[in-house]
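Trainee: Hi! Could you walk me through this one?
Mentor: Happy to, let's bring it up.

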Amino acid sequence: MLIRDLFRLSFHNLLLHKVRSTLTSLGVIFGVGSVIAMLSISEGAKQTALAQIEAMGIDKIIVFAEKPPPTSRESSDQGSVSESYGLTERDFGHINKMDNIDRITPLRNARKRILRGLRPLDLKLVGVGQSFLEDSASTLVRGRWFAPADFKNATNVCVIGSEVKRKMFTLGKTNIVGGTLRVEGQVYRIVGIIENDIGTQYPGIGSPNDLICIPMVTSNALFGNYAITREGRSTQISIIDYDLFIVRVLDIMHIDDTSKRIISYLQKAHSENKDWGLLVPLDLLKQKEQTQNIFTIVMGSIAGISLIVGGIGIMNIMLASVYERRKEIGTRRALGAQKLDILFQFLIETVFLTSLGGVLGIMLGLGIASLITYYTGMPTVYLWWSVVLSLLISSLVGVVFGTYPAWKAAQQNPIDVLRSE
Amino acid sequence: MATMAENDSVIVKLAELRKTYFTGPLNVPVLKGINLEISRGTFVGILGTSGSGKSTLLNILGMLDVPTSGHYILDGIAVEKLNDTDLATIRNRKIGFIFQNFNLFAHLTVEQNIEVPMVYADKPRHYRKQRAAELAEQVGLGHRLKHRPSQLSGGECQRIAIARSLSNDPAFLLADEPTGNLDEKTSGDILKLIHQLNDRGATIIMVTHNPALEAHFDQVIRLRDGNITHDSLITFGSPEHVD
């Protein structure tokens with residue numbers, strides 16, 4: 001029998017029972033559909049998370065100040081509270097001298113209230129080191145970054161993040177760069193606007209887009225290491241040298257050793273006082289990838305089980321179909337069909353069924369993924385290899401679970417059909 | 001019509017053919033040494049009551065079953081030595097089956113039904129279409145090519161089945177009670193069609209339990225209890241037959 005005729009015949013038989021064919025392949029449809037949907041969702045989540053981690057820089061170690069939990073004495077006090085915590089000038093010096101350190105970009109939050117009119121905004125005025133623009137993976141969208149002279153002379157200039165511009169200035173306002181900005185009575189000349197479009201987030205500080213950056217020396221000259229904040233009737237004085245170090249290493253291969261050395265130094269220098277934290281984006285990246293792998297294995301197993309269940313369903317229906325079509329099989333054999341012709345006819349039918357299930361499943365899965373993106377805003381990512389793999393696997397399910405019924409069909413005795421019914 | 005067979009004109013030859021069914025401890029002999037010769041162009045009737053072994057003989061003649069012992073030579077080929085694949089091929093090329101229940105494929109059109117044996121003979125599509133049209137014309141249903149069996153009468157279905165049996169130019173037609181499911185008038189028409197085919201040279205072996213059909217046959221073979229009790233050719237003096 002010609003292969004083309006074989007395919008035509010099998011396809012024709014499936015079309016004959018459209019509803020049954022669709023119902024039969026439901027197992028595969030839902031199996032493949034859920035796999036595709038889950039893969040798209042998890043890949044979307046993964047890429048978002050990875051992009052955020054990566055945005056901090058894989059050659060970076062982020063050391064940050066953490067406010068220690070208040071002791072009972074402090075919290076019961078209604079008057080002024082003074083506390084000293086975070087990263088110190090001494091820490092900066094020590095870490096800077098360690099091996100494999102390229103440079104440290106320090107950052108200090110001045111803890112000023114930023115207002116537009118009377119409305120407080122969730123923005124921060126921070127003193128930053130010269131290398132902040134580059135090491136925070138931000139780009140200059142207008143004006144300039146701080147010049148060496150700004151650091152040398154501690155000038156009152158600032159570079160604002162794109163969100164600062166959006167929140168503090170009227171839409172469409174031009175000549176922001178060159179204008180001024182007032183924070184708690186202090187006036188800064190705006191020299192540039194920066195933007196971070198890859199979602200960098202620093203612990204305790206947030207996105208570079210929400211920052212009003214001034215040179216670290218200006219910050220020191222104006223505020224020293226004090227910050228006075230008032231909340232209700234209580235006044236809080238924080239003494240803090242630095243809130244953040246963006247540590248850039250020379251060799252990524254040794255980033256683990258370097259981070260361990262920083263940790264052991266900080267543990268010693270800050271004794272029991274856990275007023276600091278450290279994260280290595282590269283580690284987070286690896287952890288995230290590991291978690292992702294486990295997730296993929298779990299999902300693969302679920303997919304495998306659902307496809308096996310779907311396959312068994314199809315095998316069951318095909319076996320019933322062989323029984324139901326004994327007369328057809330017998331007649332075909334009498335008219336000259338080889339056993340192989342019958343075998344392939346049924347096998348191709350099953351593979352068609354499961355492949356059809358695969359195609360419908362892929363459509364279902366991609367549909368679910370886009371619905372989720374549409375309604376929840378969760379990013380989903382369509383993976384071409386998952387589509388190809390699903391198709392291959394669903395066809396394979398057809399071969400695996402179709403062989404037995406097809407073999408049964410080929411073994412039918414043609415004599416049965418010649419007996420009068 | 002039937003003339004005295006010369007050796008090269010013998011199309012079917014059975015010699016000492018036996019078939020025994022082994023059902024557990026019990027051996028059931030169904031054919032007990034059949035000797036038979038059928039010549040090209042003959043219209044043969046195999047008659048017998050149920051249980052006479054005629055179905056088994058039909059299955060063996062149609063190569064759907066193999067004999068336990070003895071010889072079956074079809075058109076010079078020793079069939080008993082063939083494997084399943086070769087049997088299917090010979091069935092396809094040498095035998096045209098006509099069934100009592102027509103056994104048409106309900107979901108295929110008349111044209112596609114006639115094409116089926118040609119499909120298994122790897123005939124190209126355009127040839128099949130052309131041949132199907134010719135055959136449908138030959139059985140008087142050229143205008144019904146695109147119809148399905150459910151749209152045809154019983155007699156028309158059997159005509160289509162006959163057209164299908166002719167599609168690969170077989171050595172003989174094997175008809176199993178072809179008029180068994182038809183009314184008298186339609187039966188007559190079908191028999192007439194079969195006669196016409198026979199007149200054009202087709203060898204036809206018809207199995208029936210209906211003695212009334214006897215007059216139609218050139219050669220009448222009666223079966224009883226697995227033996228041939230009558231072969232009308234004997235009256236022509238066939239030397240090989242002892243009955």
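Mentor: In chain B, 70% of the contacts with a separation of 6 or more are between residues 24 or more positions apart; contact means heavy atoms within 4.5 Å.
Trainee: Before I go on, what sort of model is this, and which pLDDT do local features need?
Mentor: The model is predicted: local features need pLDDT of at least 70, side-chain atom pairs count only at pLDDT 80 or more, and totals for chains, interfaces and linings use all residues. Residues are numbered from 1 along each chain as its sequence is written, chains are lettered from A and ligands numbered from 1 in the order in which they are written, and side-chain values use heavy atoms, leaving out hydrogens and water.
Trainee: Okay, how much of chain B is buried?
Mentor: Of its 243 residues, 56% are buried, meaning under 20% relative accessible area with a 1.4 Å probe, protein chains only.
Trainee: And what box do the C-alpha atoms fill?
Mentor: Roughly 50 × 40 × 40 Å, taken along the principal axes.
Trainee: New topic: where does B:Asn168 lie?
Mentor: B:Asn168 is in the loop between helix 5 (154-165) and strand 7 (172-176) of chain B; helices (H or I, at least four residues) and strands (E, at least two) are DSSP runs, numbered from the N terminus.
Trainee: Is B:Asn168 buried or exposed?
Mentor: Buried, because its relative accessibility is 11%.
Trainee: What does B:Asn168 touch?
Mentor: Leaving aside residues up to four places away in sequence, its contacts include B:Arg93, B:Pro117 and B:Met118. B:Asn92 is also one of them, and the B:Asn168 side chain reaches the backbone oxygen of B:Asn92 at 3.1 Å.

How values were computed:
Buried means under 20% relative accessible area, exposed over 50%, partly exposed in between (1.4 Å probe, protein chains only). A polar contact is a pair of N or O atoms within 3.5 Å; within protein, one must be able to donate a hydrogen and the other to accept it, and residues adjacent in sequence count only if both atoms are side-chain atoms.
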